[in-house]
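Here is a short report on how parts of one protein chain pack together. Look at the model first, then read on.

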Amino acid sequence: MAAGGAAGGVPPAAVAVGELPTVVAVAAGLGLLVALGGIWAMGRLRTRSIGVMLAVVVVVAVAATLAGVVAIIAKMIIEGPVKDFVLSVVAVGGLVGLGVAFVLSKRVVRESRRLVDAVREPPFRAPQGLPAELQEIANTLEEAYARERALEGARRELVAWVSHDLRTPLAGMRAMAEALEDGVVSDPATVARYHGQIKLEVERLSAMVDDLFELSRIHAGALRLSRARVGLADLVADTVAGVEPLARAKGVLLTAEAADAAVPVEADAGALGRALGNLVVNAIRHTPSDRAVVLRAGVDDGMACLSVADCCGGIPEEDLPRVFEVAFRGESARTPTADGGAGLGLAIAQGIVEAHDGVIGVVNDGPGCRFEIRLPLC
């Protein structure tokens, strides 16, 4: 064997080492051509089953490997049984890869169909045991469906609630208007009282319609903010000036504290003032006479902080996460009353604060609860 190798001139190993760059270049070129063909096939089959795509991937890998092996065989001039052995090993490897791809694709397709069947059968519940990506999709879908059901329930409750709130004052206004028209009421004092009551109900209905319009803008993403530098102290002062008559009429002591409030925030003064005003008005309406509502402004943990503390008696712990829901009607001190407007103030405040990239929350604190708005500083 040694003599034969010498007679041949150069040992086979030397041929392999000397031709290595050429073999690598040829194998790389053939692999690139196979890869481009595979990418083209994947593009043509992009709407087909995942199993077909997995089969294409395996075929491309086997074809690239086979092309490289053929290039090596051609350069090393392997003939006879050795060549057959090499090609057989490559073929077996390819068949094994195709078999694994087939099993994997069948499982992926089966799990995908299981997810589709779950989506088609309401109420949707995320099936368990799916591959990681499909499981994440299923869990996300379950959360989205849960949010959609909650929003739909809130919409229906809102329609029922607002319909009731509209029907009651309209019925009273109709009765008073008919009494005035028919002459049933004729004495000046009663007529003046009826006129005053009708005006009050009209203003209340107008405020309710304004709240509904504002809430619809927030939910539709149509709220447009005119941002400018606003000082917390100015915002607190304007809010207190606007709600002080209501506090005086209710007999509630309204105080304001603005520590470090000279730091400005980038906000729409009108919108943010409405959000803060809704919180303060809500606190005044649910605080007994001779008790206090405290409005504080400052900087906490690198964020602007506005808080409203009242003496409403607190909110049940199970109702705290639902306070800002549209049309929430928990049996708590925060339940809307006859003089409480449409009861949409907290939902509107939340929408305005979130539009400012801020957060709003509520906790029970002392004799009542504390609403807090946190906004990023300039």
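## Two packed helices

Axes here are lines fitted to C-alpha atoms, for helices over the stretch in contact, and angles run from 0 to 180 degrees between N-to-C directions. Two packed helices are described by the angle between their axes and the distance between the axes. The model is predicted.

Take helix α7, residues 188–219, and helix α10, residues 345–355. They pack at an angle of about 35°. Their axes are 10 Å apart. The crossing of α7 and α10 is left-handed.

Which residues meet? From α7 come D211, E214, L215 and I218. From α10 come A347, I348, G351 and I352. Five residues of this contact are nonpolar, one is polar and two are charged.

## Two aromatic pairs

How many aromatic pairs does the structure hold? There are two. F124 and Y145 form a tilted pair. Their ring centres are 5.3 Å apart, with 35° between the planes. F124 sits in the loop between α5 (81–120) and α6 (132–182), and Y145 sits in helix α6, so the pair ties together parts that are 21 residues apart in sequence. Is F124 buried or exposed? F124 has a relative accessible area of 1%, so it is buried, because buried means under 20%. Y145 is partly exposed, with a relative accessible area of 28%.

The other pair, F324 and F371, is edge-to-face. The distance is 5.8 Å centre to centre, and the planes are 90° apart. F324 lies in the loop between β5 (303–309) and α10. F371 lies in strand β7, residues 368–376. The pair thus links distant parts of the chain, 47 residues apart. F324 counts as buried at 9% relative accessibility. F371 also counts as buried, at 1%.

## Nonpolar cores

In soluble globular proteins, nonpolar side chains tend to be buried together. How many residues are in the largest nonpolar core of this model? That core has 51 residues. L279, L306, V308, V362 and F371 touch the most other members. F371 is also part of the edge-to-face pair with F324.

Which helix gives the largest share of this core? Helix α9, residues 269–285, supplies nine residues. A second, separate core has eight residues. Among them are M176, A179, V185 and L205.

Methods. Residues are numbered from 1 along each chain as its sequence is written. This is a predicted model: local features need pLDDT of at least 70, side-chain atom pairs count only at pLDDT 80 or more; totals for chains, interfaces and linings use all residues. Side-chain values use heavy atoms; hydrogens and water are left out. Helices (H or I, at least four residues) and strands (E, at least two) are DSSP runs, numbered from the N terminus. A crossing is left-handed if the near helix is turned anticlockwise from the far one by less than a right angle, and right-handed if clockwise. Contact means heavy atoms within 4.5 Å. Ala, Val, Leu, Ile, Met, Phe, Trp, Tyr, Cys and Pro count as nonpolar, Asp, Glu, Lys and Arg as charged, and the others, Gly among them, as polar. Rings of Phe, Tyr and Trp (its six-membered ring) pair if their centres lie within 6.5 Å; planes under 30 degrees apart count as stacked, over 60 as edge-to-face and the rest as tilted. Buried means under 20% relative accessible area, exposed over 50%, partly exposed in between (1.4 Å probe, protein chains only). A nonpolar core is a set of buried Ala, Val, Leu, Ile, Met, Phe, Trp, Tyr and Cys residues joined through side-chain atoms within 4.5 Å.
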